[in-house]
Amino acid sequence: MSAVLTVPVGLADRSYDVMIGEGALDAAARRLAGLFPRRRAIIVTDSHIAPLHLERVMAVLAGAGITCDPIIMEPGEATKSFAGLEQLVDALLERNIERSEAIIALGGGVIGDLTGFAAAVTKRGVGFIQIPTTLLAQVDSSVGGKTGINTRQGKNFAGAFHQPRLVIADTALIATLPDRERRAGYAEIVKAALIGDPAMFDRLEAAGAGVLHGAPLARAIADAVAFKAQVVAQDELEHGRRALLNLGHTFAHAFEAEAPRDAIRHGEAVAAGIALAFRYSVTRGECPASDADRVEAHLRTIGLPWDAATLAHKDWEARRLVARMRDDKKNQAGEITLILARGIGKAWIDPRIDAAHLVAFLETSLS
């Protein structure tokens with residue numbers, strides 16, 4: 001068993017810890033008792049995760065003297081919807097949840113986002129704990145308090161900022177992840193380095209594909225979470241610097257909106273989006289081509305897409321992608337906002353992208 005690493009997220013009275021590593025769940029047991037005054041834990045999970053991990057979590061809670069009341073949702077993005085939110089809030093109210101209680105979100109990003117949003121709106125706010133079961137969720141969506149659901153207009157268009165009380169990122173829970181899911185989650189790790197930590201990128205680059213397993217993975221998760229925690233503490237509600245965490249995401253959300261459901265993974269879209277953000281920065285004369293080359297080479301080493309053409313779905317049309325990008329939540333005054341790069345570890349926010357130039361760039365990239 002590796003050492004459990006603890007990364008604090010400093011937000012005054014809303015501060016919390018992220019516990020990372022194999023055995024984090026057991027290490028957190030003594031802290032859980034104080035979060036369940038009724039000695040009852042409502043656990044929200046889905047029918048895919050429940051057979052894999054629910055019994056283990058319930059056993060740890062039982063050891064702390066806490067009984068469990070699971071709510072099993074359907075797996076997949078379709079659950080992250082108004083209908084799914086209504087179903088979950090009704091289930092919480094039927095259990096007479098009190099504002100002093102905390103809900104446990106046991107699952108990937110869908111369950112974490114949905115449960116966090118339900119916690120934010122049920123009785124005007126109850127607490128919740130994240131126990132993420134995918135690498136993507138451990139390093140990204142479980143930390144920072146962004147919660148929400150999808151709408152017809154796009155991903156996460158309804159939601160709230162609602163911070164968890166504790167995040168337990170036990171790497172034993174991701175031991176059974178398929179390689180594709182592990183690689184997809186890694187995109188959010190390398191993203192942190194590319195935004196503002198060139199030394200971290202050097203370490204990841206040197207580790208190569210070996211970073212996806214064991215102690216190197218736990219260390220990489222902790223580094224990425226620590227970087228994100230620092231940014232969130234400075235800009236919790238994404239009025240400024242926190243928008244940097246969306247490096248690659250404006251491209252990614254357009255890819256996800258245009259592709260058939262489940263054709264590509266979120267992390268795969270993010271990886272391609274990051275590479276495109278660097279390459280677009282090169283075309284504008286703002287980033288050394290050698291840095292974009294390093295980013296693409298590293299993504300290839302990991303087994304991630306490094307441009308739109310290497311995504312599993314290939315039926316892209318530049319103008320449709322840019323139209324999707326116009327709907328991004330970061331945009332202001334009708335202008336497209338992109339997170340670009342002046343080099344590795346030197347991301348910045350451009351709130352006034354020339355849409356015609358972006359279309360031309362994508363047409364070239366897709367040809």
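User: What do E1 and E2 form?
Analyst: They form a hairpin, with six residues between them. Bear in mind that this is a predicted model.

User: Which residue in the turn has a positive phi?
Analyst: Ala-12, at about 55°.

User: How many bridges join E1 to E2, and do they run parallel or antiparallel?
Analyst: Five bridges, and the strands run antiparallel. E1 covers residues 5-9 and E2 covers residues 16-20. Leu-5 stands opposite Ile-20 in E2.

User: OK, the sheet. What is the strand order?
Analyst: E1-E2-E9-E6-E5-E3-E4. It is an open sheet of seven strands, and the pairing is mixed.

User: Which strands stand at the edges?
Analyst: E1 and E4, the latter being residues 67-73. Each has a single partner strand, so one side of each has no neighbour in the sheet. The twist from one strand to the next averages 20°.

User: In what sense do E3 and E5 pair?
Analyst: In the parallel sense, over three bridges. E3 is residues 40-46 and E5 is residues 102-107. In that pair, Val-44 stands opposite Ala-105 in E5.

User: Now helices. Which strands does H1 lie across?
Analyst: E2, E6 and E9. H1 runs at about 155° to E9.

User: And H8, which strands does that one lie across?
Analyst: E1 and E2. H8 runs at about 10° to E1.

User: Switching to charges. How many salt bridges does the structure hold?
Analyst: 26. One of them joins the side chains of Asp-26 and Arg-56, at 2.4 Å, N to O.

User: Which parts does that pair tie together?
Analyst: Two helices. Asp-26 lies in H1 (residues 24-32) and Arg-56 in H2 (residues 50-63), so the contact ties together parts that are 30 residues apart in sequence.

User: What is the relative accessible area of Asp-26?
Analyst: 40%, so Asp-26 is partly exposed. Arg-56 is partly exposed too, with 38% relative accessibility.

User: Which residue does Lys-146 meet in a salt bridge?
Analyst: Glu-238, at 2.7 Å, N to O. Lys-146 is in strand E7 (residues 146-151), while Glu-238 is in the loop between H8 and H9. They are 92 residues apart. Lys-146 has 35% relative accessible area, which makes it partly exposed. Glu-238 is partly exposed as well, at 23%.

User: What about Asp-350, which residue does it form a salt bridge with?
Analyst: Arg-284, with the closest N and O atoms 2.6 Å apart. Asp-350 lies in strand E11 (residues 347-353), and Arg-284 in the loop between H10 and H11, so parts 66 residues apart in sequence are tied together.

User: Is Asp-350 buried or exposed?
Analyst: Buried, at 9% relative accessibility. The cut-off for buried is under 20%.

User: Aromatics next. How many aromatic pairs does a search of the whole structure find?
Analyst: Two. One is Phe-255 with Trp-316, a tilted pair at 4.8 Å centre to centre and 50° between the planes. Phe-255 is in H9, and Trp-316 is in the loop between H11 and H12. That puts the two residues 61 apart. Phe-255 is buried, with a relative accessible area of 1%. Trp-316 is buried at 11%.

User: And what is the angle between the planes of Tyr-280 and Phe-361?
Analyst: 50°, with 4.9 Å centre to centre, so that pair is tilted: planes under 30 degrees apart would count as stacked, over 60 as edge-to-face. Tyr-280 sits in H10 and Phe-361 in H13, 81 residues apart. Tyr-280 is buried at 0% relative accessible area. Phe-361 counts as buried at 8%.

User: Last one. Which ring does the charged end of Arg-300 sit over?
Analyst: The ring of Trp-306, 5.2 Å from its centre. Also, Arg-342 lies over the face of Trp-348, at 4.1 Å from the ring centre.

Definitions and conventions: Residues are numbered from 1 along each chain as its sequence is written. This is a predicted model: local features need pLDDT of at least 70, side-chain atom pairs count only at pLDDT 80 or more; totals for chains, interfaces and linings use all residues. Side-chain values use heavy atoms; hydrogens and water are left out. Two strands pair if DSSP finds at least two bridges between them. Helices (H or I, at least four residues) and strands (E, at least two) are DSSP runs, numbered from the N terminus. A salt bridge is a side-chain nitrogen of Lys or Arg within 4 Å of a carboxyl oxygen of Asp or Glu. Buried means under 20% relative accessible area, exposed over 50%, partly exposed in between (1.4 Å probe, protein chains only). Axes are lines fitted to C-alpha atoms, for helices over the stretch in contact, and angles run from 0 to 180 degrees between N-to-C directions. Contact means heavy atoms within 4.5 Å. Rings of Phe, Tyr and Trp (its six-membered ring) pair if their centres lie within 6.5 Å; planes under 30 degrees apart count as stacked, over 60 as edge-to-face and the rest as tilted. A charge sits over a ring if NZ of Lys or CZ of Arg is within 6 Å of the ring centre and within 35 degrees of the ring normal.
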